[in-house]
Amino acid sequence: MNGLRDELARVGIRGALADRIVAELDDHLACDPEAKLGEPRLIADRFADELRLPRTRRATYLGFGGLAAAALLLFVFFRNASGTGN
């Protein structure tokens, strides 16, 4: 599809994921050349909408994990620091 890769990049979908989407749509068109998939901008916007939730969830979990690790390190640091003064 002409312009699909550019539209995917516009919405932040690049690399292997963009390659996979383009390959899947090319395969779909090879099986059904008359398929009406829509404009590249619309396709890219729909993929971006579908991928937004999992990406947000993953970023949230990673952020929480980082905060938990920082809290654990602070706890260990202050526990060891308070024990050396006695």
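1. Glu7 counts as buried, at 16% relative accessibility. Buried means under 20% relative accessible area, exposed means over 50%, and partly exposed lies in between (1.4 Å probe, protein chains only). The model is predicted: local features need pLDDT of at least 70, side-chain atom pairs count only at pLDDT 80 or more, and totals for chains, interfaces and linings use all residues. Residues are numbered from 1 along each chain as its sequence is written, and side-chain values use heavy atoms, with hydrogens and water left out.

2. Where does Glu7 lie? Glu7 is in helix α1, residues 4-10. Helices are DSSP runs (H or I, at least four residues), numbered from the N terminus. Leaving aside residues up to four places away in sequence, Glu7 touches Pro40, Arg41 and Ala44. Contact here means heavy atoms within 4.5 Å.

3. One of those contacts is charged. Arg41 forms a salt bridge with Glu7, and the closest N and O atoms are 3.9 Å apart. Arg41 lies in helix α3 and Glu7 in helix α1, so the pair ties together parts that are 34 residues apart in sequence. A salt bridge is a side-chain nitrogen of Lys or Arg within 4 Å of a carboxyl oxygen of Asp or Glu. Arg41 is partly exposed, at 44% relative accessibility.

4. How many salt bridges does a search of the whole structure find? There are 5. Asp19 and Arg5 supply one of them, at 2.7 Å from N to O. Asp19 lies in helix α2 (residues 15-31) and Arg5 in helix α1, so this pair ties together parts 14 residues apart in sequence. Asp19 is partly exposed, with a relative accessible area of 40%. Arg5 is also partly exposed, at 40%.

5. Arg52 pairs with Asp49, with the closest N and O atoms 2.9 Å apart. Both residues lie in helix α3, 3 residues apart, about one turn of the helix. An α-helix has 3.6 residues a turn, so residues three or four places apart point the same way. Arg52 is partly exposed, at 48% relative accessibility. Asp49 is partly exposed too, with a relative accessible area of 48%. Elsewhere, salt bridges that share partners join Glu7, Arg10, Arg41 and Asp45 into one network.

6. Asp45, a member of that network, lies in helix α3. Asp45 is partly exposed, with a relative accessible area of 29%. Which residues does Asp45 touch, not counting those up to four places away in sequence? They are Arg10 and Val11. The C-alpha atoms of Asp45 and Val11 are separated by 6.9 Å, although the two residues are 34 residues apart along the chain.

7. Helix α2 can be checked by its length. At 1.5 Å a residue, its 17 residues should span 24 Å. The end C-alpha atoms are 25 Å apart, which agrees. The expected span is 1.5 Å times one less than the number of residues.

8. Why do the buried residues of α2 line one face of the helix? These residues are Ala18, Ile21, Val22 and Leu25. Seen down the axis of α2, they fall within an arc of 95°, so they line one face. The arc is that of the directions from the helix axis to the C-beta atoms. On the other side of α2, Ala16, Arg20, Ala30 and Cys31 are exposed.

9. Helix α3 covers residues 40-84 and includes Leu72. Leu72 is exposed, with a relative accessible area of 54%. Together with Phe75 and Val76, Leu72 makes a nonpolar surface patch of about 300 Å². Patches are made of residues with over 30% relative accessible area and no salt bridge; like charges are joined within 9 Å, and nonpolar side chains (Val, Leu, Ile, Met, Phe, Trp, Tyr) within 5 Å. Accessible areas come from the Shrake-Rupley method with a 1.4 Å probe; for residues, only the protein chains shown count as cover.

10. Ala81 lies in helix α3 and is partly exposed, at 39% relative accessibility. Ala81 and Glu7 are 74 residues apart in sequence and 54 Å apart in space, C-alpha to C-alpha. Gly3 sits in the segment before α1 and is partly exposed, at 33% relative accessibility. The C-alpha atoms of Gly3 and Glu34, 31 residues apart along the chain, are separated by 18 Å.

How values were computed
Helix = DSSP H or I, 4+ residues; strand = E, 2+ residues; numbered from the N terminus.
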